[in-house]
Amino acid sequence: MNYKDLSQIPENPHKILSVSQLLRLYGTELKLSLKNKAPDSEITSVDLHRPGLALAGFFGDYASEHIQLLGHTEWNYLESSGKSERQKIFSRLAGYKSPLWILTHGLEPHKEFMEMCDIVGSPLVVTELPTVNFARPLQRNLENYFARRVFLHGSMIDIYGVGTLFIGESGVGKSECIMDLVERGHCLVSDDAIDLRRIGDLIFGAGKAGFNHYIEIRGIGIIDVRSMFGVKAVRTEKRLDIVLELQKWDAAERYNRTGLDTITNNILGLDIPHIVIPVLPGKNIAVISEVVAMDHLLKKEGQNSSKNINDFLITQIKQKMENKE
């Protein structure tokens, strides 16, 4: 069976995040404020580093290339050290340049701390949030930003909780099927263009912000799904569970009829179930799509109809052969 191989689509990940971008994208959410006028620097890793041992003088495991995060514990240590000892601590740290220093709990950075950041040219940021409440969303935002990602032509919709990516040649009827599914109560993620990114062992799909709730229907134009069906009819992102490829009917093609042959498509290093649906005039693709989603849910629960009927037939054949003997 011919199907579109998505593993060949080139990845387009973000490799660099400047501190100015970080402040612009997440500054309000994370309650960040810049405390010095150091040059803009580049963040290249999702990892956060707590430099407690470095403050104490041990640099064996000091990951200076990561964002440096200081909380109450580190601040109290610096406070108890006194001015003279703080000068020694930060003179040692001045031998390393980190892309960003962050102080949590709204604590006031010591003068020696500020001077060290100015010397090495590292931005110093303070957040009002407690360390744990700050580190989790920052890590999540960094993982999303630096995630492996591909951008492809397709539409995505949430069918009974199953993130379904529709692909196929232009004009095969993807948008019309998506519109039918939305009318039947399912949630649109994005039409025509989808951004897929991998977080851990999951892939999430999203549309371009501000455009994800529109569908283009040939002969009609642009439809605003959110205005027409309400906010419950759209969602900003969804985990990808299956790929559903629509193909124009080809009598010479051998389509899967038993369901025993499992097809997967490798996307961002993960194998995603791939189903090919031949399109014919009068065929209700929306209903078939719902069946595909429900069958996927049953398989996750261990109920495989194709395997069950195959096992049943094999058992029946064996019994008949035994009776003949």
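In the predicted model, six strands form an open sheet of mixed pairing, arranged in the order β11-β9-β10-β17-β19-β18.

Gln247 has Pro278 of β19 as its bridge partner. Helix α8, spanning residues 285-300, packs on the sheet. The strands touched by α8 are β9 (155-159), β10 (162-168), β17 and β19, and the direction of the helix makes about 150 degrees with that of β19.

A helix pair was also examined. Two packed helices are described by the angle between their axes and the distance between the axes. Helix α3 (residues 72-93) packs with helix α4 (residues 111-120) at an angle of about 20 degrees, the axes lying 9 Å apart. Because angles under 35 degrees count as roughly parallel, α3 is roughly parallel to α4. The crossing in which α3 passes α4 is right-handed. On the α3 side, the contact is made by Lys83, Arg86, Gln87, Phe90 and Leu93; α4 contributes Glu112, Phe113 and Met116. Classified by residue type, the contact of α3 with α4 comprises 4 nonpolar, 1 polar and 3 charged residues.

How values were computed:
Residues are numbered from 1 along each chain as its sequence is written. This is a predicted model: local features need pLDDT of at least 70, side-chain atom pairs count only at pLDDT 80 or more; totals for chains, interfaces and linings use all residues. Side-chain values use heavy atoms; hydrogens and water are left out. Two strands pair if DSSP finds at least two bridges between them. Helices (H or I, at least four residues) and strands (E, at least two) are DSSP runs, numbered from the N terminus. Contact means heavy atoms within 4.5 Å. Axes are lines fitted to C-alpha atoms, for helices over the stretch in contact, and angles run from 0 to 180 degrees between N-to-C directions. Angles under 35 degrees count as roughly parallel, over 145 as roughly antiparallel, 65 to 115 as roughly perpendicular and the rest as oblique. A crossing is left-handed if the near helix is turned anticlockwise from the far one by less than a right angle, and right-handed if clockwise. Ala, Val, Leu, Ile, Met, Phe, Trp, Tyr, Cys and Pro count as nonpolar, Asp, Glu, Lys and Arg as charged, and the others, Gly among them, as polar.
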